[in-house]
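Biologist: Hello! Could you walk me through this model, beginning with the ligand?

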Amino acid sequence: MPIDAPSAMRDRGSPAFAQLLAVGQRNAPGWERYEAAMRGIFERRYYTNQGPLARELEQRLQDFLGVKHAVCVTNATIGLMMASEALAISGQALVPGVCDRAVEHALAWCGVEAVACDVDPATGQICLDSAVTTIDGASVDAAVNAIIGANLWGGACDAEALASLARDRGLPVLFDSTHAFGCTVRGGRAGRFGALEVFSFSESNVLNAAGGACVATDDDELAARLRNIRSSYGAGRPVPVVKTSNGRMSEAQAAIGLLSLDDYAANQAHNQSLTDLYRARLSSIAGLRVVEPGGVDASNHQALLVELDERVFGRSRDALVERLAFDNVEARAVSRASVVARQTAALPVTARLCSSWLELPVGAHVREAMVETVCEIIARAHQEETAA
Ligand SMILES: Cc1ncc(COP(=O)(O)O)c(C=O)c1O
């Protein structure tokens with residue numbers, strides 16, 4: 001629990017928070033609801049393999065997202081691997097320069113090499129012009145054969161523009177929508193774009209199934225392939241597939257996912273009010289910009305990103321991250337896809353953003369008083385530099 005922050009900050013000897021204030025959503029249902037759900041599983045003795053709760057979660061997700069198929073799996077990395085296999089992606093696939101390594105690694109498991117393009121300086125989402133240049137500039141023996149868009153930090157890329165580019169070039173496009181569960185885009189929930197979209201339900205995300213993920217698609221054939229790839233037992237209509245995996249979602253994950261789905265509106269509203277508070281407190285500090293989630297009608301606000309201009313703020317992004325760590329506040333530096341290491345010179349926005357953006361804690365475990373404290377630490381860090 002946090003201790004009295006202002007006095008702790010006057011005395012730099014002890015951190016403002018006694019325990020780590022972590023980045024990541026960390027929503028959990030109350031213990032009683034969790035216990036009742038687990039009791040049901042133990043009474044039924046049905047623990048995995050498309051059980052009644054996994055089937056119920058798929059139905060509820062289809063209704064919530066407004067898609068024909070929500071194929072639940074054990075995590076988004078497996079979901080991305082299954083997606084790559086189901087779409088028969090080979091050779092090279094385009095990813096945004098700022099992207100979780102899980103995407104590249106899922107592709108690598110399928111023998112596909114990621115190639116990165118640059119991102120938008122205001123939103124950090126994939127930049128369409130850079131996507132075009134990268135695809136068209138690739139040599140014939142290293143052609144880009146697929147586009148992996150990503151909807152990052154509660155914002156969204158321009159999925160329609162990417163889908164139209166993919167159509168023009170005859171490429172499949174899919175979206176890593178790990179951070180975008182519940183966001184609305186062009187009048188409906190994210191999940192309806194491209195061949196498919198993959199959502200992660202790890203504890204970092206607004207929908208938390210203690211792990212878990214789903215692949216959303218409107219394509220019946222693709223869904224049938226995914227359901228057959230998901231496990232060697234298959235599920236639903238059998239269709240021929242080359243490889244199967246074991247990506248089944250357990251009943252325990254589905255139970256927690258269902259409870260978390262019930263809580264979505266409350267968790268989104270809580271994130272929104274924390275975001276409003278951060279915005280109000282940080283906007284007066286010179287050299288900081290709260291990054292608004294672009295490309296969405298409504299965000300899940302599951303991430304709070306700040307851009308720091310080192311010359312104006314007085315400290316570097318990494319020095320601020322370190323300063324916050326002293327007070328037990330996790331501030332995560334935005335990092336580049338590992339593939340970008342080879343290409344940084346060609347991706348100037350990615351390079352800039354990965355040295356100047358940081359993510360601050362929001363989520364069910366964060367209360368407004370904690371945000372006040374975090375903002376106070378940041379203001380003090382700025383004042384210390386400008387006074388020096
Ligand atoms: C953008 C992105 N994609 C994919 C993943 C992988 O998700 P999972 O942990 O469900 O495998 C992550 C994990 O943090 C992520 O941030």
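Modeller: Gladly! A residue counts as near a molecule if one of its heavy atoms lies within 4 Å of it. This is a predicted model, where local features need pLDDT of at least 70, side-chain atom pairs count only at pLDDT 80 or more, and totals for chains, interfaces and linings use all residues. Residues are numbered from 1 along each chain as its sequence is written, and side-chain values use heavy atoms, leaving out hydrogens and water.

Biologist: Which polar side-chain atom lies 3.0 Å from an oxygen atom of the ligand?

Modeller: The residues around the ligand include N75, D100, T178, H179 and S200. For T178, a side-chain N or O atom is 3.3 Å from a ligand nitrogen. The 3.0 Å distance to a ligand oxygen belongs to a polar side-chain atom of H179.

Biologist: How much of the ligand does the protein bury?

Modeller: Accessible areas come from the Shrake-Rupley method with a 1.4 Å probe. Taken alone, the ligand exposes 390 Å². Of that, the protein buries 81%.

Biologist: Now the sheet: which strands stand at the edges?

Modeller: Strands are DSSP runs of E, at least two residues long, numbered from the N terminus, and two of them pair if DSSP finds at least two bridges between them. Seven strands form an open, mixed sheet in the order β1-β9-β8-β5-β4-β2-β3. Each edge strand has a single partner, so one side is left without a neighbour in the sheet; these strands are β1 (69-73) and β3 (113-117).

Biologist: And what is the bridge partner of V198 in β9?

Modeller: Strands β8 (residues 196-200) and β9 (residues 213-217) run antiparallel, joined by four bridges. The partner of V198 in β9 is V215.

Notes:
A polar contact is a pair of N or O atoms within 3.5 Å; within protein, one must be able to donate a hydrogen and the other to accept it, and residues adjacent in sequence count only if both atoms are side-chain atoms.
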